[in-house]
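Dear colleague,

Please find below the structure that I am handing over to you.

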Amino acid sequence: MNADSTQAAAQDLLTSLGIEYRVVQHEAVMTVEESITKGVMAQIGSEDHHVLKNLLLQEKKGNLYLLIARGDQRVDLKLVASELGSKRLSFAKLETVEGAFGTRSGAVSLFDMLGAPANVKLAIDSGVFDLTGTTGFHAGSNTSTVVFKVADLREVAAAIQPDFASVQI
């Protein structure tokens, strides 16, 4: 999917679920740190500790996992692999990110799962569901964030991939 169709699909999904959201345009951010230092978290109305990171992980046999975790949390790949029933996970290479999502690293997020290949599974750190307030995800571009209540995240994730994994990292 291209950036416009990803954003349209994200908005259509949230509307169909009856979830309130808003879209915030901002300068490009590639990392969790940039989203804080460039003021994007303030611009979208979320607290800095609500920034989430989206990491594409891969198994040797080709399965991919989009892991969503709190931005301030260290990710233990061995623990995540164990939680997902995998022997070993590593961070996906740039070419893998581009091949799976048609986008570059720094722009991949939850809404890219709407057009993801079947070998990409969604995993969310269970601690994310304990956050309150709002959070946001890029939708096809790292200059646009779709913002909604954290309380709605589980419903959104289940609509995107009913068998998504909730993991403790």
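With a relative accessibility of 47%, Glu 27 counts as partly exposed. Please bear in mind that this is a predicted model. The partner of Glu 27 in a salt bridge is Lys 38, and their closest N and O atoms are 3.7 Å apart. Glu 27 belongs to the loop between strand 1 (22-25) and helix 2 (32-37), while Lys 38 sits in the loop between helix 2 and helix 3 (40-44), so the pair ties together parts that are 11 residues apart in sequence. Lys 38 is likewise partly exposed, at 34% relative accessibility. Glu 34 also takes part here: Glu 27, Glu 34 and Lys 38 are linked in a network of salt bridges. In total, the structure holds 4 salt bridges.

The side chain of Arg 70 meets that of Asp 72 in a salt bridge, with an N to O distance of 3.5 Å. Arg 70 also forms a salt bridge with Asp 125, for which the closest N and O atoms are 3.9 Å apart. Asp 125 lies in strand 5 (residues 120-125) and Arg 70 in strand 3 (residues 64-70), so this contact ties together parts that are 55 residues apart in sequence.

Arg 70 is partly exposed at 23%, whereas Asp 72 is exposed at 55%.

Turning to the strands, I would draw your attention to strand 7 (residues 144-149). Of its 6 residues, 5 are buried, so strand 7 is largely enclosed by the rest of the structure. Strand 7 runs antiparallel to strand 1, to which it is joined by 4 bridges. Strand 7 is also antiparallel to strand 6 (residues 134-138), and 5 bridges join these two.

Strand 6 and strand 7 form a hairpin, with 5 residues between the two strands. Within the turn, Gly 140 has a positive phi of about 90°.

Yours sincerely

Key: Residues are numbered from 1 along each chain as its sequence is written. This is a predicted model: local features need pLDDT of at least 70, side-chain atom pairs count only at pLDDT 80 or more; totals for chains, interfaces and linings use all residues. Side-chain values use heavy atoms; hydrogens and water are left out. Buried means under 20% relative accessible area, exposed over 50%, partly exposed in between (1.4 Å probe, protein chains only). Two strands pair if DSSP finds at least two bridges between them.
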